Amino acid sequence: MTTPLFRDDAYLRSCEADVVEVNDRGGIVLDRTVFYATGGGQPGDSGYLELDDGSRIEIATTVYDADKQTIVHVPAEGQTLPESGAKLTAHIDWARRYRLMRMHTALHLLSVALPYPVTGGQIGDGEGRLDFDMGDTPLNKEAVSEKVNALASGDHEVAFEWITDEELDANPGLVKTMSVQPPRGAGRVRLVRIGGDVDLQPCGGTHVTRTSEIGPLTLGKSEKKGKQNRRVRLRLTE
């Protein structure tokens with residue numbers, strides 16, 4: 001099991017760590033990490049591992065192992081891998097991570113501006129999308145854009161709290177996503193709260209601490225996906 005430092009502090013850019021093992025596929029497992037592992041529609045972090053001798057191992061992405069507790073750092077091809085027990089410093093690509101944090105938080109706001117069940121989603125580098133089960137309801141893009149930008153510029157605090165698996169089971173309305181279930185297995189689930197009552201839902205991803213950090217947003221292409229689903233894209237305006 002890897003200690004996920006990003007879960008308590010998404011703004012950590014680096015950390016010292018020990019190599020637990022290099023698996024049979026060449027993935028590097030550390031005892032602790034700042035690298036977010038792919039999950040919940042958010043891609044895994046990239047960056048590099050810096051060894052004591054100053055050499056680097058470039059990390060292309062980060063994923064969970066089959067146990068969903070061990071985080072595997074996937075190196076770019078053609079590199080020398082570290083020995084088990086080696087000490088190193090893990091560094092994420094902070095500029096990319098911060099864009100993902102801003103976009104992930106922005107998609108939470110999009111789910112407030114469009115209060116329909118979410119059937120899918122994807123967080124990208126500067127752009128993301130959510131799929132909504134809204135049937136034939138017309139989409140007023142201008143009104144949605146105004147709403148989501150008003151929420152972002154409102155400078156709402158983004159905070160975390162925890163509930164037990166049983167408490168989540170007793171409050172199924174907290175889960176907006178129909179296709180992605182909140183991360184379980186540790187006996188408790190993290191909730192992301194925006195403002196006092198702007199939004200509250202389970203989420204294991206990384207977020208900014210205030211919505212004002214997101215910046216201006218632009219609604220992208222909207223398209224129907226089947227009889228019920230409408231895909232709505234959202235972009236950061238750099």
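**Notes on the predicted model**

1. Apart from neighbours within four places in sequence, Asn-229 is in contact (heavy atoms within 4.5 Å) with Thr-119, Phe-132, Asp-133, Glu-223 and Lys-224. The model is a predicted one, in which local features need pLDDT of at least 70 and side-chain atom pairs count only at pLDDT 80 or more, whereas totals for chains, interfaces and linings use all residues. Residues are numbered from 1 along each chain as its sequence is written, and side-chain values use heavy atoms, with hydrogens and water left out.

2. Asn-229 belongs to strand E15 (residues 229-236); helices (H or I, at least four residues) and strands (E, at least two) are DSSP runs, numbered from the N terminus. Asn-229 counts as partly exposed because its relative accessibility is 23%; buried means under 20% relative accessible area, exposed over 50%, and partly exposed in between (1.4 Å probe, protein chains only). Its side chain is joined to that of Thr-119 by a polar contact of 3.2 Å. A polar contact is a pair of N or O atoms within 3.5 Å; within protein, one must be able to donate a hydrogen and the other to accept it, and residues adjacent in sequence count only if both atoms are side-chain atoms. Between Asn-229 and Ile-92 there are 35 Å in space, C-alpha to C-alpha, and 137 residues in sequence.

3. Strand E15 pairs with E14 in the antiparallel sense, over seven bridges; two strands pair if DSSP finds at least two bridges between them. Lys-224 has Arg-230 in E15 as its bridge partner. Three residues lie between the strands of this hairpin of E14 and E15, and Gly-226 takes a positive phi near 85° there.

4. A further antiparallel pair consists of strand E12 (residues 188-194) and strand E13 (residues 199-202), joined by four bridges. Opposite Leu-191 stands Pro-202 in E13. The hairpin of E12 and E13 has four residues between the strands, and in it Gly-195 takes a positive phi near 65°.

5. Which residues touch the most other members of the largest nonpolar core? They are Leu-49 and Leu-110, in a core of 49 residues. Helix H1 (residues 94-113) supplies the largest share of this core, nine residues. A second, separate core has five residues, including Leu-168, Leu-174, Val-189 and Leu-191. A nonpolar core is a set of buried Ala, Val, Leu, Ile, Met, Phe, Trp, Tyr and Cys residues joined through side-chain atoms within 4.5 Å. In soluble globular proteins, nonpolar side chains tend to be buried together.

6. Beyond its neighbours within four places in sequence, Leu-49 has contacts that include Ile-28, Leu-30, Phe-35, Arg-56 and Leu-88. Arg-56 also lies over the face of Tyr-48, at 3.8 Å from the ring centre. Arg-188 is placed over the face of Trp-162, at 3.8 Å from the ring centre. A charge sits over a ring if NZ of Lys or CZ of Arg is within 6 Å of the ring centre and within 35 degrees of the ring normal.

7. The whole structure holds four aromatic pairs. Rings of Phe, Tyr and Trp (its six-membered ring) pair if their centres lie within 6.5 Å; planes under 30 degrees apart count as stacked, over 60 as edge-to-face and the rest as tilted. The pair of Tyr-11 and Trp-94 is tilted, because the planes are at 45°, with the ring centres 5.9 Å apart. Tyr-11 lies in the loop between strand E1 (3-4) and strand E2 (14-22) and Trp-94 in helix H1, so this pair ties together parts that are 83 residues apart in sequence. Trp-94 and Tyr-98 form a stacked pair, 5.4 Å centre to centre with 25° between the planes. Trp-94 is buried at 15% relative accessible area, whereas Tyr-11 is partly exposed at 26%.

8. His-73, in strand E7 (residues 71-75), counts as buried at 0% relative accessibility. A polar contact of 2.8 Å joins the side chains of His-73 and Thr-33.
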